[in-house]
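This briefing covers confidence, a helix pair and a cavity. Please look over the sequence and the structure before reading on.

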Amino acid sequence: MYLRRRFYLLMTVTILVMAAGFAVPTLFVVGKMLLVLVALAVVADIVLLWNRRGIRAERSLPERFSNGDANPVRIRVESSYPFDIDVEVIDEIPVVFQRRDVLFRAQLAPGGATTIRYELTPTRRGIYCFGRVRVFVSTVLGLVQRRFTCCQAQDVKVYPSFLMLRQYELLAMSNQLNEMGIKRIRRIGHNTDFEQIKDYIVGDDYRTINWRATARRSVGMPRLMVNVYQEERSQQVYNVIDKGRMMQQSFAVQSAFSSPSGRVGEASMTLLDYAINASLVLSYVAVNKQDKAGLITFSDQFGTFVPASRQAGQMRILQEALYAEQTTPESGGFRETNYSALLAGLSRHVGRRSLLILYTSFTSMAALRRQLPFLRQLSQRHRLLVVYFEDEELRDFTQSSSSSTEQYYQRTIAGKFLYEQRLIAQTLRQYGILSLLTSPRQLSVNVINKYLEIER
């Protein structure tokens with residue numbers, strides 16, 4: 001039983017009236033009457049609340065959460081009281097969200113029910129533990145509260161962003177991928193894989209006319225014949241994820257599925273988790289384009305290796321592998337990156353020339369020069385795309401106005417770091433290495449556009 005604020009207010013008034021009775025004896029009698037009335041009201045409130053098991057609550061969660069996205073949580077509260085009640089619902093969400101005050105208020109009619117909906121945005125993969133649901137009930141008297149403990153504790157696994165996969169799939173079905181920033185790549189000319197010969201129609205590329213086939217078909221009615229080429233397929237695409245120390249930097253999450261109402265706290269994800277989400281989406285796109293998608297992770301040593309494939313179930317294998325990637329110091333997540341280990345591991349596992357999409361972070365030219373010999377060797381054996389991240393906070397700071405000499409010098413230094421990021425891209429191009437400088441929030445879209453451009 002919990003006493004509410006209204007009870008303390010009434011008791012305060014009663015005590016003041018009885019205290020005034022020392023000066024005016026009549027008020028002392030009034031105070032005693034008020035005390036009796038408050039006691040009777042409390043007893044009546046207790047009887048009304050405790051005469052039955054009046055509340056039932058159920059929590060509804062997805063089977064798994066999507067990392068970096070707003071995941072819905074529903075709590076249904078049902079009343080069996082024959083009168084109106086006020087309820088306060090507290091859900092014991094996982095402690096990793098750093099919020100223990102998820103409180104919802106509602107009014108229920110006699111025998112009524114309500115459904116509470118809110119969203120949680122996780123920023124790390126792993127197992128999240130939900131506690132119990134606490135429901136506090138009070139009557140119209142509002143003097144005491146009864147607490148009901150509902151629902152059992154639940155564990156939910158947080159996987160790499162599969163909600164983003166569903167969104168891309170739905171937009172692809174409705175031909176609206178350009179709304180997410182995916183460019184339409186016009187394929188000029190033709191690829192190398194011959195498919196068939198067909199009749200010429202207006203709009204076909206005249207350079208594909210097959211004059212020999214046209215001559216054979218021109219005995220009767222003259223008719224142009226053209227060659228039809230199909231896209232090269234079954235290319236190996238490996239997402240190579242750096243799990244080193246520099247990939248632990250965090251940036252704020254901007255989820256396409258989140259809404260201003262119902263979000264719990266400000267969320268941020270590490271560059272590693274951004275790279276994992278983008279790898280899952282890119283693998284989905286590659287498999288749907290008949291390419292083979294695989295996965296490689298490394299830090300101070302060669303880590304996870306999933307052979308490239310486009311067979312049924314490959315996406316599930318990749319998702320489970322990405323979910324299992326650890327970011328704790330015990331797993332080597334905070335150690336320096338060892339590119340020689342990556343080079344040796346690729347030599348052992350990947351013999352065929354493949355497209356390698358390397359997610360890493362270079363903060364300066366000195367960091368690039370240390371790894372450039374290994375990147376050049378990778379580029380000689382495979383088609384290499386280096387994806388590194390732009391510091392959005394640093395860019396915004398350089399665009400802000402300076403109000404003091406100190407801030408002016410700080411902006412100058414920040415501008416130097418941004419210049420070095422552009423210089424890194426230029427240096428990689430000099431050695432024939434493709435590069436992509438992107439903000440974490442636009443990573444998935446920019447990587448997909450770059451992949452489509454390379455395929456073209």
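Asp, Glu, Lys and Arg count as charged, Ala, Val, Leu, Ile, Met, Phe, Trp, Tyr, Cys and Pro as nonpolar, and the others, Gly among them, as polar. By these classes, the lining of the largest cavity has four charged residues, one nonpolar and no polar. The model is predicted, and the mean pLDDT of its chain is 82.

**Cavity**
- The count comes to one cavity of 30 Å³ or more, and the volume of the largest cavity is about 30 Å³.
- Arg-56, Ala-57, Glu-58, Arg-76 and Glu-78 line the largest cavity.
- Strands β2 (55-60) and β4 (71-79) each supply at least two of the lining residues, and β2 gives the most, with three.

**Helix pair**
- Helix α5 (residues 271-288) and helix α11 (residues 443-455) have axes that come within 9 Å and cross at roughly 40°.
- The crossing of α5 past α11 is right-handed.
- On the α5 side, the contact is made by Tyr-274, Ala-275, Ala-278, Val-281, Leu-282, Val-285 and Ala-286.
- These residues meet Leu-443, Ser-444, Val-447, Ile-448 and Tyr-451 in α11.
- By class, the contact between α5 and α11 has 11 nonpolar residues, one polar and no charged.

**Confidence**
- Of the residues in the chain, 85% reach a pLDDT of 70 or more.
- Residues 185-190 stay under 50 in pLDDT, and the model has 12 contacts for them beyond four places in sequence.
- Residues 255-266 also have pLDDT below 50, with 28 contacts in the model beyond near neighbours in sequence.
- Where pLDDT is low, predicted coordinates should not be read in detail.

Key. Residues numbered from 1 in each chain as written. Predicted model: local features only at pLDDT ≥ 70, side-chain atom pairs only at ≥ 80, totals over all residues. Heavy atoms only, no water. Axes fitted to C-alpha atoms, helices over the stretch in contact; angles between N-to-C directions. Helix = DSSP H or I, 4+ residues; strand = E, 2+ residues; numbered from the N terminus. Left-handed = near helix turned anticlockwise from the far one by under 90°. Contact = heavy atoms within 4.5 Å. pLDDT = per-residue confidence, 0-100. 1 Å grid on protein atoms, 1.4 Å probe; cavity = no way out; pocket = protein on both sides within 12 Å on 5 of 7 lines; lining within 4 Å. Points joined across faces, edges and corners; volume = space filled by probe spheres on them.
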